[in-house]
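Please examine the sequence and the structure, and then follow the description below.

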Amino acid sequence: GQFVDWDRMPEPEQQANIPGDILTQPPKELKRLLREGCLAASRALRAQVYHRLCQQVACRLVTPDAPVYRDVASRLFGKHSASSHPLPDFLEGCSMPTYCLSPDGVTAMKKILICIGNLFPDITYSPILPSLVALLLHYSEDEAQCFENISRLIASNAPHTSYIDQSFLAHRASCMTFGDLANKHCPAAHKLIASSSENVFEVYSEWLSWLFHDLPFDYAIRVFDVYLLEGQKVLYRIALALLKQYRLSVASPELEGADIKADLQAFVQNIAEHTTVDKLLERAFGIRLFSRKEIWLLQMANRKALMERGITMVQSRQSFHLAVDMQTFSSGTVTAQEMRIIWSWIPERFSLSPPLLLFSTSEDGCSLQRFYSCCEGYEPTVLLIKTTEGEVCGAFLSSDWSERKKNGATSGFFGTGECFVFTVHPEMERYEWVFIKKPELAKAVPRSRQRSPSPGPMSLLSSSPDGRGTSSNHLAVPTPQRKGRLSPFLAIRHFLLPSKTASMFMSGSREGIIIGGGGGQALSLDANLLWGRTEHCETFDNPPLCQENFRVQLLEVWGFQNT
């Protein structure tokens, strides 16, 4: 507490029933206790637990410690003030929240950050670091202990786990990953933001600032409690809970013409008016996210997409997410604003690219073979259908249509859990893979188990569920196949599914195409691309997307333009 301005600190919470020896509790019990806020009443206990948790982080063999800090600080600062030294370049443009630190505390924070810059030259961008140092300083014996503990978080090498992004590329990929998770887990809030904001990604790019800049101290420190034990995944959960609470607390008409980015920031700063910290964390831990490994795969795929587009430096922070140009976009099925909302539903790494028309029945004719020849070589794609009744529906399809050829004579289902179907007219609604909302229904596949084949399709354009077949299930990152390639996000082989109808994403043959299966088909089209049918299916748990039997007025397929 030597670095704290006590006059600015909130009153401590009164908490009873703290276990006498919390540090010896088994991991599961410790997780429960920290989530419930057992550290809130005792600064001394919190300081003890923080130090122990940081010391338990698996990290690189050569990680700077307290004696190294004392040596470097003595050499750098001597008797001079830290203010005479510039802050590291990796903090350029980053805010410096001080969380009730005293002037001496702020000086200590700056000295620690300068030493981090000196001893970790590989860090090129890390806007979260000042907040973490400030919070740790509250509960550190001295600067050297704080430095040692933050160094262990920086140098963490635990598999599929990270604490601190250390480059613009990693930070941007984390923002994209949060956008993907918000898209899946907060559909109502996402729809509100997509319809009220020109650039959804710019709103989501502030997600870490909500937690470690905008939240009041007594909320932020509870987030920090669980973050030290559980890593970055817990931050995604809490930011998603904030987004859900925002949607509950804000009425749509209030956002007409509002700056939603600033509105969200103000909401988080005044979160105490809307919910308690206990309720917020309870909501956060009620969100069923996918495994740490699946989120890591998504993060890696997003990093790869950014690297392929050359977006790795802070200087490249232009609005590259405005992929749908409202002035030039032209479609016979949807308006530019509708396409922008559809684009906001698509995984972030693909929505970096503007839409490219691959096939249209008005230009290419009503030929299934022409459809295949125009679409093969592109993944993913967006299928849009306008019926003669004026209804509009479609599907986001994660895999290349050429995958259908890998099954030989038997046409099988392929694709990944990122596929989804949707309606545009009369209402806009999206229906994702059933396990997005209920991941507990599917268990992760043990590492030793080999990939099992996907189910075969039902008889084309019928609802008989007992077809058989095999198919490979990969592709979610648009890159040529090569050795050492990333396993895709939400590949079926990562899950033990309860039924064969749970992964019927897409299938094609000479007789027609099918999207979604199990008890019916979400969409099926005949070989002439003139007649179709839509029903409830188990893969997407969707209602019929338009009239059950429909005639196609216009069908379009959109790909992703590499610029």
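A crossing of two helices is called left-handed if the near helix is turned anticlockwise from the far one by less than a right angle, and right-handed if it is turned clockwise. The structure is a predicted model, in which local features need pLDDT of at least 70 and side-chain atom pairs count only at pLDDT 80 or more, while totals for chains, interfaces and linings use all residues. Residues are numbered from 1 along each chain as its sequence is written, and side-chain values use heavy atoms, with hydrogens and water left out.

**The chain as a whole**

The secondary structure comprises 20 helices and twelve strands; helices (H or I, at least four residues) and strands (E, at least two) are DSSP runs, numbered from the N terminus. The chain has 563 residues, of which 57% count as buried. Buried means under 20% relative accessible area, exposed means over 50%, and partly exposed lies in between (1.4 Å probe, protein chains only). The accessible surface of the chain is about 23300 Å², and 48% of this belongs to carbon and sulfur atoms; such areas come from the Shrake-Rupley method with a 1.4 Å probe, and for residues only the protein chains shown count as cover. Among contacts between residues at least 6 apart in sequence, 73% join residues at least 24 apart, where contact means heavy atoms within 4.5 Å.

**Helix α12 against helix α14**

Helix α12 spans residues 233-249 and helix α14 spans residues 277-285; their axes come within 8 Å and cross at roughly 110°. Axes are lines fitted to C-alpha atoms, for helices over the stretch in contact, and angles run from 0 to 180 degrees between N-to-C directions. Angles under 35 degrees count as roughly parallel, over 145 as roughly antiparallel, 65 to 115 as roughly perpendicular and the rest as oblique. Helices α12 and α14 are therefore roughly perpendicular to each other, and their crossing is right-handed. From α12, the contact involves V234, R237, I238, A241, L242, K244, Q245 and L248, while α14 contributes L280, L281, R283, A284 and F285. These residues divide into nine nonpolar, one polar and three charged. In this classification, Ala, Val, Leu, Ile, Met, Phe, Trp, Tyr, Cys and Pro count as nonpolar, Asp, Glu, Lys and Arg as charged, and the others, Gly among them, as polar.

Within α14, R283 is partly exposed, because its relative accessibility is 31%. Leaving aside neighbours within four places in sequence, R283 is in contact with A241, K244, Q245 and L248. The C-alpha atoms of R283 and Q245 are separated by 8.8 Å, although these residues are 38 apart along the chain.

**Helix α7 and its partners**

Helix α7 (residues 168-185) and helix α10 (residues 207-214) have axes that come within 9 Å and cross at roughly 100°, and the two are therefore roughly perpendicular to each other. Here H171, S174, C175 and F178 of α7 meet W207, L208 and W210 of α10. This contact has five nonpolar, two polar and no charged residues.

The axes of α7 and α12 come within 10 Å and cross at roughly 50°, so these helices are oblique to each other. The crossing of α7 with α12 is right-handed. On the α7 side the residues are S174, T177, F178, L181, A182 and H185, which meet Y236, A239, L240, L243 and K244 of α12. By class, there are seven nonpolar, three polar and one charged.

**Helix α6 and R152**

R152 belongs to helix α6 (residues 143-154) and is buried, because its relative accessible area is 18%. Not counting residues up to four places away in sequence, R152 touches C54, Q55, V57, C59 and T63.

**Backbone features in loops**

| Peptide bond | Omega |
|---|---|
| E379 to P380, cis | near -5° |
| H425 to P426, cis | near 10° |

P380 lies in the loop between α19 (368-375) and β2 (381-387), and P426 in the loop between β4 (420-425) and β5 (429-432).

Y99 is not a glycine, yet it has a positive phi of about 45°. This residue is placed in the loop between α3 (66-77) and α4 (103-119), and Y99 counts as buried because its relative accessibility is 9%. L529, also a residue other than glycine, has a positive phi near 55°. L529 lies in the loop between β10 (523-526) and β11 (531-533) and is buried, with a relative accessible area of 1%.
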